[in-house]
Amino acid sequence: MQLRQLEYLVALARERHFVRAAAACYVSQPSLSAAIRRLEHELNVPIVRRGRRYEGLTPEGEVVLAWAHRILAEQDALRQELSALRDGLTGTLRLGVVPTALPAASLLTTPFCERHPGARVSMESLSSADIAHGLAEFELDAAMTYLDDDALRRLPLYEERYVLLTPLDGPLGGVRSATWSQAAALPLCLLNSRMRNRRIIDECFAADGATAAPAIESDTVAGLYAHLPAGRWSSVISHAWLHMFGVPDGLRVVPLEGPAHGPRVGLVTGPDDPPSVLAGALLAVAREAGVREALDALLRTYLDADDH
């Protein structure tokens with residue numbers, strides 16, 4: 001068995017098409033097909049269900065694919081560790097981030113790159129479900145995501161705090177705090193219901209006997225923030241977003257009455273034990289970064305500014 005055969009199998013499972021998989025591996029389609037047939041012969045199991053076109057993997061093929069991901073990940077880890085001993089940490093850290101944590105990601109990626117100037121970060125915005133899949137399939141080294149009970153190796157970073165961004169001249173522009181039901185009565189722009197953060201916020205509205213009916217919904221934090229400077233709209237945001245976007249002119253931050261903390265966001269790594277050299281280096285940075293303290297201090301700055 002050769003590592004190249006496993007790479008071909010992983011590409012085929014990802015592309016679900018022999019020609020596209022061959023192109024991704026920079027080989028001809030007959031070469032890729034022959035290599036996978038040799039792998040089937042060497043392992044003495046059928047791996048690919050074949051018809052007129054690719055039809056998926058057999059049950060045995062799914063097992064081989066899982067091992068292929070693991071073996072190739074171990075190969076990458078070996079290369080990274082040897083490279084780190086020789087030249088310092090190099091390579092590309094593949095980091096998945098849920099969209100609502102993206103504004104805080106630089107609190108980890110910047111000190112990581114400063115500590116390891118030979119390494120690079122490839123960051124991708126993904127849903128929590130896609131992150132779980134990417135970690136399990138060794139397609140990601142680490143992720144910033146909500147910490148569910150079934151998470152793998154994880155390091156808590158911060159708890160989301162929800163606040164209201166609202167126009168200074170609006171109905172709640174002068175209050176010291178607001179209820180969720182008061183916020184629900186405002187002209188709102190919120191993330192759409194496919195976003196995990198929005199579903200959490202809807203639960204908070206419901207706990208106060210209210211239902212939010214936003215006139216504008218967005219699937220990105222940036223899209224939501226783009227509407228706020230107009231001075232018409234209010235929004236419920238996670239305090240972590242203040243790190244990147246701040247408070248637009250003409251708006252202020254109003255605390256919302258209710259739970260002091262929302263769900264936890266943390267750094268999660270995959271099933272490899274120990275984690276890859278790159279993931280381990282990011283974990284080391286995260287333990288010292290003080291993300292929770294930095295975000296809480298930023299929120300206090302905005303709240304104290306309003307008090308004065």
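Let's start with Asp202, which counts as partly exposed because its relative accessibility is 27%, between the 20% and 50% cut-offs. This comes from a predicted model, so every value here is computed from that model. Asp202 has a partner: Asp202 and Arg198 form a salt bridge, with their closest N and O atoms 3.0 Å apart. Both residues sit in helix H8 (residues 196-207), 4 residues apart, or about one turn of the helix. Arg198, at 6% relative accessibility, counts as buried.

**Charged pairs**

Side chains of opposite charge can pair when their charged atoms come close. How many salt bridges does a search of the whole structure find? The search turns up 9. Here are three of them, including the one you've just met.

| Pair | N to O distance |
|---|---|
| Asp202 and Arg198 | 3.0 Å |
| Arg161 and Asp296 | 3.0 Å |
| Arg20 and Glu15 | 4.0 Å |

Have a look at Arg161 and Asp296, whose side chains meet in a salt bridge. Arg161 is in the loop between strand E6 (153-159) and strand E7 (162-167), while Asp296 belongs to helix H12 (residues 291-307), so this pair ties together parts that lie 135 residues apart in sequence. Are these two residues buried or partly exposed? Arg161 is partly exposed, with a relative accessible area of 22%, but Asp296 is buried, at 14%.

The pair of Arg20 and Glu15 has both partners partly exposed: Arg20 has a relative accessible area of 43%, and Glu15 has 24%.

**Around helix H2**

Now stay in this part of the chain. Arg16 is placed in the loop between helix H1 (3-15) and helix H2 (18-25). The phi of Arg16 is near 55°, a positive value in a residue other than glycine.

Which residues of H2 are buried? They are Phe18, Ala21, Ala22 and Cys25. These residues cover an arc of only 100° around the axis, which means they are on the same side of H2. What do they pack against? The buried residues of H2 pack against H1, helix H3 (29-43), strand E1 (48-50) and strand E2 (54-57).

You'll find Phe138 in the loop between helix H6 (128-136) and strand E5 (142-146). Phe138 is in a loop, yet it counts as buried because its relative accessible area is 11%, under the 20% cut-off.

**Nonpolar cores**

In soluble globular proteins, nonpolar side chains tend to be buried together. In this model, the largest nonpolar core has 72 residues. Those with the most contacts inside that core are Phe112, Tyr158, Phe205, Tyr225, Val236 and Leu267. Helix H11 (residues 277-289) supplies the largest share of the core, with 6 residues. Another core lies apart from this one; it has 22 residues, among them Val10, Tyr54, Val64 and Leu65.

Which residues does Tyr225 touch, once you leave aside its neighbours within four places in sequence? Tyr225 is in contact with Leu165, Ile237, Trp241, Leu242, Phe245, Gly246 and Pro248.

**A nonpolar patch on the surface**

Some nonpolar residues are on the surface: Leu3, Val63, Trp67 and Ile71 form a patch there, with about 370 Å² of accessible area together. Helix H4 (residues 59-87) gives the most to the patch, with 3 residues. Ile71 is found in H4, and it counts as partly exposed because its relative accessibility is 31%, between 20% and 50%.

**The whole chain**

Of the 308 residues, 46% are buried. What share of the contacts between residues at least 6 apart in sequence join residues at least 24 apart? The share is 74%. As for the surface, the chain exposes about 15,300 Å², and carbon and sulfur atoms supply 51% of that area.

Notes
Residues are numbered from 1 along each chain as its sequence is written. This is a predicted model: local features need pLDDT of at least 70, side-chain atom pairs count only at pLDDT 80 or more; totals for chains, interfaces and linings use all residues. Side-chain values use heavy atoms; hydrogens and water are left out. A nonpolar core is a set of buried Ala, Val, Leu, Ile, Met, Phe, Trp, Tyr and Cys residues joined through side-chain atoms within 4.5 Å. Buried means under 20% relative accessible area, exposed over 50%, partly exposed in between (1.4 Å probe, protein chains only). Helices (H or I, at least four residues) and strands (E, at least two) are DSSP runs, numbered from the N terminus. Contact means heavy atoms within 4.5 Å. Patches are made of residues with over 30% relative accessible area and no salt bridge: like charges are joined within 9 Å, nonpolar side chains (Val, Leu, Ile, Met, Phe, Trp, Tyr) within 5 Å. Accessible areas come from the Shrake-Rupley method with a 1.4 Å probe; for residues, only the protein chains shown count as cover. The arc is that of the directions from the helix axis to the C-beta atoms.
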